[in-house]
Amino acid sequence: MITLLVLAFLHASAQRNSEDALAIQYYQNAEYDRAAIIYEKLFNRSPNPSLYYDQYLNALIKIKRYDDAEKVVKKMLKDVPDNPSFKIDYGRVLQEQGHQAKANEWYGNIIKNLPTSEHAIREVSIAFYRATAYDYATKALLQGRKLLKDESLFSYDLISLYRYQKNKPMLIQEYLNLLGSPELQPNIINQAKNAFATVLETTEDYDQLKIALLKKIQKEPQSLAFPDLLAWLFYQQKEYNLALKQIISLDKRQKEDGERVYEFAATLIANKAYEPAVEALNYLVLKGKEQQFYIPARIQLLNCKNQLLTNGKFSKDNLLQLEKDYKDLINEFGRTHNTVFAVKQLANLQAFHLHKLSEAETLLENALKVPGLPPASIAAIKLDLGDIYILNNEPWEAALIFGQVEKEFPNEPNGQEAKFRGAKLSYYQGEFNWAKAQLDVLKTSTSQLIANDALNLSLLIQENTASEIDTNALKKFAYADLLTFKNKGSEALLVLDSIQKIYPGNSLEDDILMTKAKIFLKQQDFQQAIVQLQSITQNYSYDLWADDAWFMLGDIYENQLQDKEMAKQCFQKIINDFPGSILASEARKRFRNLRGDTIG
């Protein structure tokens, strides 16, 4: 008898499992009518009908069997009257039937009769959320605060709801209220920044946050979180000077050691915001030599000034002052392996901008004698020295020193860089066959940048030496390249303009446009650069420089002209039309950042 009972139980269990699996399959395949038939059987005969309740109810609603859905909910309400989910599901059924007023009245009564328990109120809110009644999920929590007389309750729950709904005003308010608790600030502030970066999209959104922050700062001046968040906001909007003002204010108020300012300066440098970075670093230097960030700030200050002056508009006096700053630093700390960076930058400044070629040569030749230099530093100095030999019209010396580095560092980045510079020197001199042979070896370089540059120059030579006219035009073009390298942009432009006149019908038009665009960019003439780049995108839309032209246009619109929409269009063009480009990944990143998908 017992055996028969066991067998019957096992048979029933197996049948139930089979029906379960079939019901799930129908449900997942959106065959809700078939799923409902099986779930009805399982629901009615199960000792625990709640196991099948959710799927059964959803299936009934999907096939619009609202009367049956109402019966199912009422059965569960009768069996488990204290469960808020079933009460809310009844309102959901009313809503699905189109009885919105009745559903609102039903939901309203649930809110009015909330239990006086934090856990129970949260359960009600979750039930509303599951029923997609998001406004009532929020109302339950807000009413719970009043009921329990504690405005700090449910902050994280509300933040999740507001973020999901993209309710920007309430999300701002809730985060700022939460940041009013000093003990929570360290954990919350980064979370708030991430949330705002995701949700806030327009200038108006950020203005709303700014207004709220200024009110909080006025009301709670002792708080450090609100100025910190305000600095972040200014940074997001690229108002770097205002952001720095807040950061320095925090450093002074807290009597800090400058770490906050130094880290912000590093962020500014990474974003090429050199002018406010210089201001930040000057602040650290003025704090005194005894401060821990004095030496790194001095070093970064020179780097910034170098970038600012040598890549933008500058006066001779500015450059001479920068030269003096380098010499002061070298004299203060001595000529050691730690100050080689300053020696290299000073030599570069003297050679390319102050035309003190002999001084620059001597500086680097003496730097090679500094004891304790690591091999990589020696290679870097020799590479720079080779460049200065080119500037000083000493191509044999340049070829010799590039050859040394290539021999000393075979199959290493410095060796490959030396080989590339040697090949480019041959190109400048019109020795195209030799240059191309070296470049073709470098096309498989482990450095993606060198490989790409080598490929581009190799293709330039290959495509423009098919005829005598093209070869002669390329020699002229190579000379213009050499003038550009020597920082003689205006002279290079004259040579480039003469090529079409002397050699009409040559094959270099797109290359000439790209070179002119780069010269105009260096001269800060962004409108003329745009003209050249647009000519490439219009007339050479799928040639070698097309993706580069779109990317450069995007960069100009984003960082120089502050035209985000135009920048987005340019980066989108690369994503859509040039998915295989090495620029596609960066274009996608820049596009998403402009759209507000990521933190800027």
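Which residues in α27 meet which residues in α28? In α27, Gly 489, Ala 492, Leu 493, Leu 496, Asp 497, Ile 499 and Gln 500 make the contact, and their partners in α28 are Glu 509, Ile 512, Thr 515, Lys 516, Ile 519 and Phe 520. Contact here means heavy atoms within 4.5 Å. Sorted by class, this contact has 7 nonpolar, 3 polar and 3 charged residues. Ala, Val, Leu, Ile, Met, Phe, Trp, Tyr, Cys and Pro count as nonpolar, Asp, Glu, Lys and Arg as charged, and the others, Gly among them, as polar.

Before we go on, a word about the model. It is a predicted one, where local features need pLDDT of at least 70, side-chain atom pairs count only at pLDDT 80 or more, and totals for chains, interfaces and linings use all residues. Residues are numbered from 1 along each chain as its sequence is written, and side-chain values use heavy atoms, with hydrogens and water left out. Helices (H or I, at least four residues) are DSSP runs, numbered from the N terminus.

Now back to our pair of helices. Two packed helices are described by the angle between their axes and the distance between the axes. The axes of α27 (residues 489-502) and α28 (residues 509-522) come within 10 Å and cross at roughly 160°. Axes are lines fitted to C-alpha atoms, for helices over the stretch in contact, and angles run from 0 to 180 degrees between N-to-C directions. The two helices are therefore roughly antiparallel to each other, a term for angles over 145 degrees. The crossing of α27 and α28 is left-handed, meaning that the near helix is turned anticlockwise from the far one by less than a right angle.

Next, look at α17 (residues 294-310) and α18 (residues 316-333). Their axes come within 11 Å and cross at roughly 155°, so α17 and α18 are also roughly antiparallel to each other. α17 passes α18 in a left-handed crossing. Among the residues of α17 in this contact are Tyr 294, Ile 295, Arg 298 and Leu 302, while those of α18 include Asn 318, Leu 322, Tyr 326 and Phe 333. The residues of this contact divide into 10 nonpolar, 2 polar and 5 charged.

What about a single helix? α2 (residues 32-45) has 14 residues and reaches 20 Å from its first C-alpha to its last, close to the 20 Å expected at 1.5 Å a residue. That expected span is 1.5 Å times one less than the number of residues. Tyr 32, Ala 35, Ala 36, Ile 38, Tyr 39, Leu 42 and Phe 43 of α2 are buried, where buried means under 20% relative accessible area, exposed over 50%, and partly exposed in between (1.4 Å probe, protein chains only). An α-helix has 3.6 residues a turn, so residues three or four places apart point the same way.

Over in α14 (residues 240-253) you can find Gln 246. Gln 246 counts as buried because its relative accessibility is 18%. Leaving aside residues up to four places away in sequence, Gln 246 touches Pro 227, Leu 230, Ala 231 and Phe 234.

Finally, visit two loops. Most residues other than glycine have a negative phi. Lys 64, in the loop between α3 (50-62) and α4 (66-79), has a positive phi of about 60° although it is not a glycine. Lys 64 is exposed, with a relative accessible area of 59%. Thr 132 sits in the loop between α7 (118-130) and α8 (134-148), and its phi is near 60°, a positive value in a residue other than glycine. Thr 132 counts as partly exposed, at 47% relative accessibility.

Definitions and conventions. Parallel < 35°, antiparallel > 145°, perpendicular 65-115°, else oblique.
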